[in-house]
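Please study the sequence and the structure before reading each solution.

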Amino acid sequence: MKKGFLLTLIAFFLCQLTVVAQNYDRYNYFHDEAVKLKNEGKLNEAKEKFKKIRVVCKGGIPDDNDLDKMIRECTTISFSENELQFEAKGNQTKQVNVRVNADSFKASSNEKWCKVNKKGNAVTVSCERNDSPVTRTASVSVSADGKTMSFGVSQSGGNLEFEASPDKVHFSK
């Protein structure tokens, strides 16, 4: 009985080694094809090949971090505008078209006064009123497949008005 169990155990491990070897061969084939496409500048096709590795190898990938890095390197993000400028008064909305070779993307701002909404393949940006006399800046980041690109937002400062007399100074916005 021990001999039968031992033979079954050996057969099981040999099957597992065969599966690992097949996954490694599949990985190498798709990886080499994807790298070739990437080097030819065919980033969309390369990215799809890299993604296909996960499906074909069913998780038995030699280096999953390398795969994530390659997908990120093949991801392209670009904008119709690289900088948006707003007046101090606020209540303005501007749109930036986003070109990305990913299924979806996320957009966010690093400042609370700069509001961002994603609509289809565009990012809509609006700013709250700037009561400060100083121009302020924000950055809008767009992320897809682990890659992040940003564009700038600036908003001019509000006019600070004041009246002065010998006995008092009055400031208003």
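Strands are DSSP runs of E of at least two residues, numbered from the N terminus. The model is predicted.

**Exercise 1.** State where Asp145 is found and whether Asp145 is buried, partly exposed or exposed.

*Solution.* Step 1: Asp145 is found in the loop between strand S7 (136-144) and strand S8 (147-155). Step 2: buried means under 20% relative accessible area and exposed means over 50%, with partly exposed in between. Step 3: the relative accessibility of Asp145 is 31%, so Asp145 counts as partly exposed. Step 4: most residues other than glycine have a negative phi. Asp145, however, has a positive phi, near 50 degrees.

**Exercise 2.** Describe the place, phi and exposure of Asn91.

*Solution.* Step 1: Asn91 lies in the loop between strand S2 (83-86) and strand S3 (92-100). Step 2: although Asn91 is not a glycine, its phi is positive, at about 55 degrees. Step 3: Asn91 has a relative accessible area of 79% and is therefore exposed.

**Exercise 3.** Identify the residues with the most contacts inside the largest nonpolar core, and the element that gives the most to this core.

*Solution.* Step 1: the largest nonpolar core has 20 residues, and Val123, Val125, Val140, Phe151 and Val153 have the most contacts inside it. Step 2: the elements giving two or more residues to this core include strand S1 (77-79), strand S5 (114-119) and strand S6 (122-127). Step 3: S7 gives the most, with four residues. Step 4: apart from this core lies another, of 10 residues, among them Phe30, Leu37, Ile71 and Cys74.

**Exercise 4.** Name some contacts of Phe151, leaving aside its neighbours within four places in sequence.

*Solution.* The contacts of Phe151 beyond those neighbours include Phe79, Leu84, Val96 and Ala138.

Notes:
Residues numbered from 1 in each chain as written. Predicted model: local features only at pLDDT ≥ 70, side-chain atom pairs only at ≥ 80, totals over all residues. Heavy atoms only, no water. Buried < 20%, exposed > 50% of the residue type's maximum accessible area, 1.4 Å probe, protein only. Core = buried A, V, L, I, M, F, W, Y, C linked by side-chain atoms within 4.5 Å. Contact = heavy atoms within 4.5 Å.
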